Amino acid sequence: MLEQHIQESISKAFAELYSHDLSADQISLQPTRKEFEGSYTFVVFPYLKITKGKPEDSGTQIGEWLKTNTDIIRGFNVVKGFLNLELTDRSWVGTLHDIESNNDFGKLPSNGQKVMVEFSSPNTNKPLHLGHLRNNFLGDSASRILAANGYEVKKVNLVNDRGVHICKSMLAYQKLGNGETPESAGMKGDHLIGKYYVKFDQMYKEEINTLVHQGMDPEEAKKEASSIKAAQEMLQKWEKGDEETVALWEKMNNWVYEGFDKTYETMGIHFDTMYKESNTYLLGKELVEEGLQKGVFFKKDNGSVWVDLTEEGMDEKLVLRADGTAVYMTQDMGTCDMKHQDFPFDKSVFVVGNEQDYHFKVLFAIMKKLGRTYADGLYHLSYGMVDLPSGKMKSREGTVVDADDLLKEMFDTAEKHTRELGKIEGMDEKEAQELYRMLGLGALKYFLLKVDPKKRMLFNPQESIEFQGHTGPFVQYTHARISAILRRAKSLEMKTDFDVDKVGELNKREIDLIFRITEYIKALQEAAKEYSPAVMAQYAYDLAKEYNGFYQEVPIFNEDNKDKLAFRVALSSITAKLIKSSMRLLGIDVPERM
């Protein structure tokens, strides 16, 4: 590619001008700032010890050498220590020709490494909500990006399907359900169980209020309320394998899984493996014993087991209660080992909100202390909360925005907006409905993924669906526009290949677009390195915006030079492919027509 060619040429310049062996991979280039002429910039400051000259003089010497001794540099300018390089039109055309001829452009070979990505991790006592959407989209997109970078990826979901919070829904259903089913209620199973979780909370609060009115301390009332005691008793029965309790648990959880499956299908999310906490919560006790033997853990007088992480800049952390029962940390330690046995990964990524930052620091430190060779590959993909403009939407519970409700609202908004703009002319109803879903889901995913995962964000449904600005529909519409151009080119039966030497002089818009195309692999690699789909979202937007500028200024079909016409169609075709690839890495489909 061009960048590599320039780096190799600069390396030769250093050998000839300064008798210094500077390898190409030690040379970094950056895009030239818009206010200066050029496409690539070489910063000479770090190399002045080698050149033994002033920044401007060194830049000029290297620029002159490149212009004289290569066939790709047509001009240069030096601003202080920044050497801005202008490339020949032929080098740009040749680059596009190479890309067009390479069916594997944008695909990176296998790197032989395995990575496991754990995301979603819902509780089986309520439906998925807006926070889960950001989690699922991040996990799915990160998995796609890592796979595109040559990793073998396994996507897993660790479902929180046991515990006192699950028993709360079960208890409320037992008391108030009267045999209600998802079918009889006309509700998805996860919504039905969520309803009983809310009912438990209402019942529990009433009991607390009654006890407080009778003179009990509020904190004491929370512990003494009959509902919470009954839920704790139910958990003990479940852990002992009580048949009636286990049967109710299985029935209600199965309803929830059916509901989750429908939501995942709507979102376009799937997993390779589903782990359940009911099968993993006892894991880790053997690791506690191992840690005691190795001196990694210590026992306190009451029999509880702890780890001292003060040397790591943290504090002491409980890993086993005095009564011998496991805490979350115990379970997570065991689950790490189990996952590595199932899939001997080089990296394991946990997609979990930033409120758990400390938990994962502790977990990773413990696994290192236990001598797990895979511990350095553990990574917490931490993300910020999602807020909504007040009054935009109401949730079933008044505080949490239900994922199914939000997805439906996005599809409805996409339909209304698309009809108003008249972008469904010539489509039958089935095609139109598919388009609304594609745009609605694309708008939602893009808006949630375009922000750096670490940042807290505000999601505005109305803004996300716009066809102008930094939105999914803008990128999707650009793809549809290019597809129409390619259909027209095909119908004209025009020349499909072009002679590099006959294309002639290029418009600046064409050069800028080719430059953006060449940046695809760099963006892909950065997205994997940073575990950030936002990098690919930005790339897709920049590419679409660059193409729209080209489209507005360069008349594609009003061109007599058949090679130049074929070149512009090829430029359009490659842009469409890379928009499609970039958006697929975000889990977003793009339409062929609108």
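Analyst: Happy to! Let's start with helix H5, residues 130–148: at 1.5 Å a residue, its 19 residues should span 27 Å, and its end C-alpha atoms are 27 Å apart, so the two agree. Please keep in mind that this is a predicted model. How enclosed is H5 by the rest of the structure? Largely, because 15 of its 19 residues are buried. After H5 comes glycine 150, with a positive phi near 100 degrees.

H6 covers residues 164–176, and its 13 residues reach 18 Å from first C-alpha to last, close to the 18 Å expected. Among its buried residues are His165, Ile166, Cys167 and Lys168, and the run of buried residues in H6 also includes Met170, Leu171 and Tyr173. What covers them? The cover includes helices H8 (189–213), H10 (226–239), H11 (243–267) and H14. Following H6 is asparagine 178, whose phi is positive too, near 50 degrees.

One of those covering helices, H14, deserves a visit of its own. Glutamine 331 sits in H14, which runs over residues 328–342. Its relative accessibility is 4%, and because buried means under 20%, glutamine 331 counts as buried. Beyond its close sequence neighbours (those within four places), glutamine 331 is in contact with Glu277, Thr280, Tyr281 and Leu283.

Next, a pair of helices. H17 (residues 429–449) and H19 (residues 472–491) pack with their axes 8 Å apart, at an angle of about 130 degrees. H17 and H19 are therefore oblique to each other. Met438, Leu439, Gly442, Ala443 and Tyr446 of H17 meet Gly472, Pro473, Val475 and Gln476 of H19. By type, the residues of this contact are 6 nonpolar, 3 polar and no charged.

Finally, the nonpolar cores. The largest holds 152 residues, and Phe42, Ile517 and Met536 touch the most other members. Helix H23 (residues 562–585) gives the most to this core, with 12 residues. Take isoleucine 517 as an example: leaving aside neighbours within four places in sequence, its contacts include Leu96, Ile99, Phe105 and Tyr539, as well as Leu543, Leu571, Ile574, Thr575 and Leu578. There is also a second, separate core of 34 residues, with Leu158, Val288, Ile366 and Leu370 among them.

Methods. Residues numbered from 1 in each chain as written. Predicted model: local features only at pLDDT ≥ 70, side-chain atom pairs only at ≥ 80, totals over all residues. Heavy atoms only, no water. Helix = DSSP H or I, 4+ residues; strand = E, 2+ residues; numbered from the N terminus. Buried < 20%, exposed > 50% of the residue type's maximum accessible area, 1.4 Å probe, protein only. Contact = heavy atoms within 4.5 Å. Expected span 1.5 Å × (residues − 1). Axes fitted to C-alpha atoms, helices over the stretch in contact; angles between N-to-C directions. Parallel < 35°, antiparallel > 145°, perpendicular 65-115°, else oblique. Nonpolar A, V, L, I, M, F, W, Y, C, P; charged D, E, K, R; others polar. Core = buried A, V, L, I, M, F, W, Y, C linked by side-chain atoms within 4.5 Å.
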